[in-house]
Amino acid sequence: MKITDVKTFKVNTGRQNWLFVKVLTDEGLYGWGEASVEGQELAAEAAIHTLAERSVIGEDPRNVDKIWQKMYRHGFWKGGFIYNTAISGIDQAIWDIKGKALGVPVYELLGGAVRDKIRTYTH
């Protein structure tokens, strides 16, 4: 399985913009991540596409840590919060693909459920 494309989607909710990441594979599986940075959506989007071209497209999404290491460590300059948010969004999407490929929720890959319920808020 190989990653073939990384797409971004900006969604305006009225209060802020959200930036979603969709990573696609040659086997039809895809994963979703979120990389929103209030007021910096265009910068995060540009970072996502740069990372996709340099470190993600062509890789096997089952090698999650290898891809993360390439995104984080293989650049000359280490990024700040924009770059790290972009890495996070792609990483979430790749974990989503791996979970789908194995037929389990991502929390199972990360050690299992910790709580039966959690408090949430809308934002």
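Me: Buried means under 20% relative accessible area, exposed means over 50%, and partly exposed lies in between (1.4 Å probe, protein chains only). Why does phenylalanine 9 count as partly exposed?

Reply: Phenylalanine 9 has 35% relative accessibility. That value falls between 20% and 50%, so the residue is called partly exposed.

Me: What kind of model is this, and how are residues numbered?

Reply: This is a predicted model, where local features need pLDDT of at least 70, side-chain atom pairs count only at pLDDT 80 or more, and totals for chains, interfaces and linings use all residues. Residues are numbered from 1 along each chain as its sequence is written, and side-chain values use heavy atoms, with hydrogens and water left out.

Me: How confident is the predictor in the protein?

Reply: Confidence per residue is pLDDT, from 0 to 100. The protein has a mean pLDDT of 93, and 98% of its residues reach 70 or more.

Me: What makes aspartate 60 and arginine 62 a salt bridge?

Reply: A salt bridge needs a side-chain nitrogen of Lys or Arg within 4 Å of a carboxyl oxygen of Asp or Glu. For aspartate 60 and arginine 62, the closest N and O atoms are 2.8 Å apart. That is within 4 Å, so the pair qualifies.

Me: Is aspartate 60 buried or exposed?

Reply: Aspartate 60 has 15% relative accessibility, which is under 20%, so it counts as buried.

Me: How do you know that the side chains of lysine 100 and aspartate 96 meet in a salt bridge?

Reply: Their N to O distance is 3.4 Å. The limit is 4 Å, so this pair passes too. An α-helix has 3.6 residues a turn, so residues three or four places apart point the same way.

Me: Why is aspartate 96 called buried?

Reply: Aspartate 96 has 18% relative accessibility, under the 20% limit, so it is buried. Lysine 100 has 38%, so it counts as partly exposed.

Me: How does the reach of helix H3 compare with the expected value?

Reply: The expected span is 1.5 Å times one less than the number of residues. H3 (residues 81-102) has 22 residues, and 32 Å is expected. The helix reaches 31 Å from its first C-alpha to its last, close to that value.

Methods: Helix = DSSP H or I, 4+ residues; strand = E, 2+ residues; numbered from the N terminus.
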